[in-house]
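Hi,

Here's the structure I promised to pass on.

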Amino acid sequence: MKIGNREFDVTHNCYIMGILNVTPDSFSDGGKWNSLDSARAHVAEMIAQGASIIDVGGESTRPGHQQITADEEIRRVVPIIEMIQKEFDIPISIDAYRSQVAKAALDAGANMVNDIWGLQYDPDMAPLIAAYKVPCCLMHNRNVPKYQNFLQDLREDLRHSIEIAKTAGIDDSQIIIDPGVGFAKTYAQNLSAIHHLECLHELGYPVLLATSRKSVIGNTLDLPADQRLEGTLVTTVFGVMQHAAFIRVHDVAENMRAIRMTQAILQEGKPDANDDI
C-alpha cells in the first residue's frame, strides 16, 4: 500500500500512526499541540520515536463532544498540515468525516483520509477520496449502538462502508478498515472487538487498531486518560498478534518498542525444523 511517497508492507509489518490532536478539548491531550511550534516539536518527536504516519485531528470525537463548524475545523488543521508537509518527510492523515474538511486538508498536503464514520456521514466524502486517489481508513460506527450479533453486524457495517468506497471508485489497494473501538459500543463489545480483530481479515483489507488511552482501558483498570499507557500497550501487542497493519497511538516510543518485541517473538520464535520441542 502506498501512502504519500511511502510504500507500506501491510502483510508483514505493523506501523504506527502517531496522533496529533490540534483541539482544545480532546479527551487526553486537548490543547497541548494547538500552536505551530508545539505541533512541530511533537511531530519531530513522534517521527524520531518511530511513527510512520501522522494523523491530524481538528475536532474532538470523545463521548459527549460538541460538534464544531467545518470552517473552524479547517482553520485548526490546515496550517498544521501545511507545516508538516513543508518541514517533514512523512505521510499525513486527516482525521475527518466531512468532505469539505477533508478537501481542505488534502489541498494543504494530507495524503490520506481517516473517516470515523466509514464514509456514511457525508455522501460527498467517498467521491472526493476517489477523485484525489488517496488511501482512506474506514472506521466502524453507528448512530444507534444496537446489534443482533455484534461481530457479524460489525463486519456487515464495514462491508457496507467498503461498498460505498468501491462504488465511488476507490481502489481496493487504498482501503484500510478499523473496528472503531470506543464508538457505538458497550464496554464488553469494545473488548470483543479487540479480542476478535482477526474476524475482520476475511474482508480482505489491512486493519488499523486505535485503542490508545480509550475508556475501555480506563474502565478496565480504573485509571484516568493520562495513566492508561500500560493498558494501551497490551492492546497493541494483541493487535500485532492478530496481524493489525497499523496501530494509532499517542505514546509512540513505548508502543514502537512493544511492536518490535512482539514481532521478534512471532517471527524469530517459530520453531525450526531441527529444534527439539
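Let's start with Cys 199: its sulfur lies 15 Å from the closest cysteine sulfur, the one in Cys 137, which is too far for a bond. A disulfide here is a pair of cysteine sulfur atoms within 2.5 Å. Cys 199 is also buried, at 10% relative accessibility (buried is under 20% relative accessible area, exposed over 50%, partly exposed in between, with a 1.4 Å probe and protein chains only).

Searching the whole structure turns up zero disulfides.

Before you read too much into any of this, keep in mind that it's a predicted model, where local features need pLDDT of at least 70 and side-chain atom pairs count only at pLDDT 80 or more, while totals for chains, interfaces and linings use all residues. Residues are numbered from 1 along each chain as its sequence is written, and side-chain values use heavy atoms, with hydrogens and water left out.

Now the helices (DSSP runs of H or I, at least four residues, numbered from the N terminus). H1 (residues 36–49) packs against H2 (residues 70–87) at about 45 degrees, with the axes 10 Å apart; axes are lines fitted to C-alpha atoms over the stretch in contact, and angles run from 0 to 180 degrees between N-to-C directions. From H1, the contact (heavy atoms within 4.5 Å) uses Leu 36, Ala 39, Arg 40 and Val 43; H2 brings Pro 79, Ile 80, Met 83, Ile 84 and Glu 87.

Cheers

Notes:
Helix = DSSP H or I, 4+ residues; strand = E, 2+ residues; numbered from the N terminus.
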